[in-house]
Amino acid sequence: MAQVEFPIGYSSLGGTYAFLALMEEQRLLEKDGIRPAFVYIGGPQISQALIAGDIRMAVLGAASPVRAAVHGAEIRFIGGVTDKENITVVADPKITKPTELKGTRMAIDRLGDYSDFRARKVLEMFGLEPQKDVFLLQIGGQTARFAALKSGQVQSTFVAAPLTLVARKAGFRSLVDLADLGFPSTSASLVIMKSTADRNDREVYAVMRAISRAVRMFKNNREAGIRSLARFMKVNDPEALDETWRSHAKIYQEVPSPSVAGIKMVKDFLGQTDPKLAQLNVDEIVDVRFVDRLKREIGTHK
């Protein structure tokens, strides 16, 4: 059987995307007559590449495809490997529970960005008022935020594995795991054009099935999961890899369903400054036909 080209773009080199390394290693798509090409494309350019037809599927966060959809692009969210944020609030060891953040400073990336929005939502969940009870200080990326925590400039910040391990070893407290809160995420959403969904049903379903297999393999086979993380993230520290694997194994979905709550949260964030986006109907850009079929198939093979 002649193999069909199916280029897949991805927007991050973080651990949530490591299932792609398993798909490649296990040749999960070649078995279905598909020759994939996995292409790293950072920033909003990945949505532009999808719209232009340079890639057939994008694996990315929701912000740029949601923006593209509101400007008329026929983009569809067909899945997502997680629906929960994989990030932890780490704090000064004297702070033992979230309510004790009152009167302290928290480091974020930048005021007005998604890290600011997320911090405000998390604080509100614990009855804390941002900028009154907890002062949000814009510091920059994760490494800079952690440095600010170590220097005492702030008393808390958000970090992802494996920096959670570094924070614990340095004596800081893991205060809140956003996955345990069920805080919505759109990281590693699976997005295609409507035309691809309609015209290439067989290929799209084969890709979704391969992603589902890779995700289940990652979750249930620690050795395979750690191997994929090491390859994808170019990390070889066994402790860091184990920390990262455990944090992802608990958030990966058995069936990669779209994170509708996460997409709505991103829409609400972007809608604060774009009235057109605030009116977007998220249900119109979500297509669950492939996930529904996967659920039926997996259900019959358990």
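Exposed means over 50% relative accessible area, buried under 20%, and partly exposed in between (1.4 Å probe, protein chains only). The model is a predicted one, in which local features need pLDDT of at least 70 and side-chain atom pairs count only at pLDDT 80 or more, while totals for chains, interfaces and linings use all residues. Residues are numbered from 1 along each chain as its sequence is written, and side-chain values use heavy atoms, with hydrogens and water left out.

Helix 5 covers residues 142-151, and R145, F146, A148 and L149 are its buried residues. Seen down the helix axis, these buried residues fall within an arc of 155 degrees, so they line one face of helix 5; the arc is that of the directions from the helix axis to the C-beta atoms. After helix 5 comes G152, with a positive phi near 85 degrees. The cover over the buried residues includes the elements below, where contact means heavy atoms within 4.5 Å.

| Element covering helix 5 | Residues |
|---|---|
| Strand 5 | residues 88-91 |
| Strand 6 | residues 104-108 |
| Strand 8 | residues 156-159 |
| Helix 6 | residues 163-169 |

The protein has 14 helices and 10 strands. Helices (H or I, at least four residues) and strands (E, at least two) are DSSP runs numbered from the N terminus.

Five strands form an open sheet of mixed pairing in the order 2-1-3-10-4; two strands pair if DSSP finds at least two bridges between them. Strand 2 (34-40) and strand 4 (75-80) are at the edges with a single partner strand each, so one side of each has no neighbour in the sheet. From one strand to the next the twist averages 25 degrees. Strand 1 (residues 4-10) pairs with strand 2 in the parallel sense over 7 bridges, and V4 stands opposite I34 in strand 2.

The largest nonpolar core has 46 residues, of which V66, F77, L101, M106, F158, L178 and I263 touch the most other members. Helix 12 (residues 260-271) gives the largest share of this core, 5 residues. Beyond its neighbours within four places in sequence, I263 contacts A62, V66, F77, T186, V282, I285 and V286. Another core, of 45 residues, lies apart from it, with V81, A188, M208 and I298 among them. A nonpolar core is a set of buried Ala, Val, Leu, Ile, Met, Phe, Trp, Tyr and Cys residues joined through side-chain atoms within 4.5 Å.

Of the 302 residues in the protein, 55% are buried.

Notes: Axes are lines fitted to C-alpha atoms, for helices over the stretch in contact, and angles run from 0 to 180 degrees between N-to-C directions.
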